[in-house]
Amino acid sequence: MHYPKLSIRQVERVFRGPNGEQTQALLPVDYQVNENDFITILGPSGCGKSTLLRIVAGLDTPTKGEVWLDGERVEGPGADRGMVFQSYTLFPWLTVEQNIRFGLQERGISKAEQKARSDYFIHKVGLRGFEQHFPRQLSGGMQQRTAIARALANDPKVLLMDEPFGALDNQTRVMMQELLLSIWEASRKTVLFVTHDIDEAIFMANKVAIFSARPGRIKTEVPVDFPHPRDYRLKTSPEFMALKARVTEEIRAETMLAH
Ligand SMILES: Nc1ncnc2c1ncn2[C@@H]1O[C@H](COP(=O)(O)OP(=O)(O)OP(=O)(O)O)[C@@H](O)[C@H]1O
Ligand SMILES: [Mg+2]
């Protein structure tokens with residue numbers, strides 16, 4: 001039987017402030033994600049994108065609604081979902097290599113395999129030579145690349161990425177986009193990826209989900225049918241430009257509503 005990989009069912013989130021005031025972050029969000037989907041999420045600041053990702057990760061509980069993964073209800077965090085956060089979240093007392101190996105070690109993966117996977121991804125994210133450095137000895141972008149390597153090394157069923165490349169310089173960002181895309185092209189892993197960069201959203205995705213202004217809901221989904229493998233030249237093609245114009249218009253309408 002075919003069922004969606006990830007099912008977000010009527011998920012709603014209301015935050016309560018210290019004086020009892022309420023912020024509705026998410027309106028009921030209903031969204032189905034198929035195995036092999038690479039979904040990018042665009043939307044105005046404060047519309048609830050991080051909130052939704054945290055709920056899928058099991059780090060936050062919806063006020064109403066449910067999330068199901070592979071036919072099981074999400075009740076908390078798990079190794080089946082790998083998260084890269086908007087800000088740096090490495091363990092400060094562990095080195096780059098130890099951070100990357102941590103989850104693998106927890107799952108009882110052999111030392112040889114831990115080492116092989118961490119070496120592979122350290123190389124891929126361009127951090128060779130920094131294996132034994134602690135996060136405080138790294139730049140912000142290097143910390144974020146370590147967090148990305150950690151998530152990829154864990155090989156989760158679903159990758160949840162919250163503006164993972166936001167802190168990177170443009171050249172590194174393009175390299176990381178190509179790295180993630182090549183991994184996705186080989187593994188067709190399910191990815192939910194939040195970004196503010198429209199080019200990035202279109203380049204990576206097979207579907208772009210556009211959020212409304214807060215309280216957020218998924219307003220539109222734009223399919224992106226460009227064939228794989230894709231490379232950076234796609235970004236300058238007329239078809240890409242046309243799709244970008246369409247997505248930009250959708251976002252602009254929402255951003256104006258938000259202000
Ligand atoms: N822990 C919290 N307590 C109270 N309010 C919160 C909390 N987390 C988020 N919010 C509120 O929920 C709304 C959505 O926040 P969220 O971080 O999900 O937005 P976002 O779409 O990720 O924004 P950005 O693009 O700026 O990262 C905001 O109004 C925010 O103030
Ligand atoms: Mg956010």
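Is Ser50 buried, partly exposed or exposed? I looked this up before anything else. Ser50 has 24% relative accessibility, so it counts as partly exposed. The scale I use calls a residue buried under 20% relative accessible area, exposed over 50%, and partly exposed in between, with a 1.4 Å probe and protein chains only.

**Ground rules**

I note that this is a predicted model, where local features need pLDDT of at least 70, side-chain atom pairs count only at pLDDT 80 or more, and totals for chains, interfaces and linings use all residues. Residues are numbered from 1 along each chain as its sequence is written, chains are lettered from A and ligands numbered from 1 in the order in which they are written, and side-chain values use heavy atoms, with hydrogens and water left out.

**Entry: the magnesium ion**

I looked for the atoms around ligand 2, the magnesium ion, and found Ser50 (OG) and Gln86 (OE1) coordinating it at 2.0 to 2.4 Å. Ser50 sits in helix H1 (residues 49-57), while Gln86 is in the loop between strand E6 (81-84) and helix H2 (96-106), so the pair, 36 residues apart, links distant parts of the chain. Donors here are N, O and S atoms within 2.8 Å of the metal (3.2 Å for Na, K and Ca), and water is not among the atoms, so the site may look incomplete. Gln86 has 42% relative accessibility, so I list it as partly exposed. Helices (H or I, at least four residues) and strands (E, at least two) are DSSP runs, numbered from the N terminus.

**Entry: helix H1**

I checked how covered H1 is: 7 of its 9 residues are buried. They are Lys49, Thr51, Leu52, Leu53, Ile55, Val56 and Ala57. H1 lies across E3, E6, E7, E8 and E9 and runs at about 150 degrees to E7. For such angles, axes are lines fitted to C-alpha atoms, for helices over the stretch in contact, and the angles run from 0 to 180 degrees between N-to-C directions. Gly58 follows H1 and has a positive phi, near 85 degrees.

**Entry: the sheet**

In what order do the strands of the open sheet stand? I read E6-E7-E8-E3-E9-E10, 6 strands with mixed pairing. E6 and E10 are at the edges with a single partner strand each, so one side of each has no neighbour in the sheet. Neighbouring strands are turned by 15 degrees against each other on average, direction ignored. Two strands pair if DSSP finds at least two bridges between them.

I then went through some of the pairs.

- E6 and E7 are parallel, with 4 bridges, and Met83 stands opposite Leu160 in E7.
- E7 (residues 158-162) and E8 (residues 190-194) are parallel, with 5 bridges, and Met161 has Phe193 in E8 as its bridge partner.
- E3 (residues 38-42) and E9 are parallel, with 4 bridges, and Leu42 stands opposite Ile210 in E9.
- E9 and E10 (residues 218-223) are antiparallel, with 5 bridges, and Phe211 has Ile218 in E10 as its bridge partner.

A hairpin of 6 residues joins E9 to E10.

**Entry: covered strands**

Why do I call E9 largely enclosed by the rest of the structure? Because 5 of the 5 residues of E9 (residues 207-211) are buried. Lys207, Ala209 and Phe211 are on one side, Val208 and Ile210 on the other. In E6, Arg81 and Met83 point one way and Gly82 and Val84 the other, and all are buried.

**Entry: the largest pocket**

I looked up the volume of the largest pocket, and it is about 550 Å³. It has 21 lining residues, and Gly78, Arg81, Gly82, Met83 and Asn154 lie nearest its centre. E6, H2 and helix H4 (140-153) each supply at least two residues of the lining. A pocket is an open set of points on a 1 Å grid over the protein atoms alone, where a 1.4 Å probe fits, with protein on both sides within 12 Å along at least five of seven lines; lining residues have an atom within 4 Å of a point. Points are joined across faces, edges and corners, and the volume is the space filled by probe spheres set on them.

**Entry: H2 and Arg173**

The buried residues of H2 include Val96, Ile100 and Leu104, and its buried residues pack against helix H3 (111-124) and H4. Arg173 lies in helix H5 (residues 170-187) and is buried, at 13% relative accessible area. Beyond neighbours within four places in sequence, Arg173 is in contact (heavy atoms within 4.5 Å) with residues including Phe165, Asp197 and Glu200.
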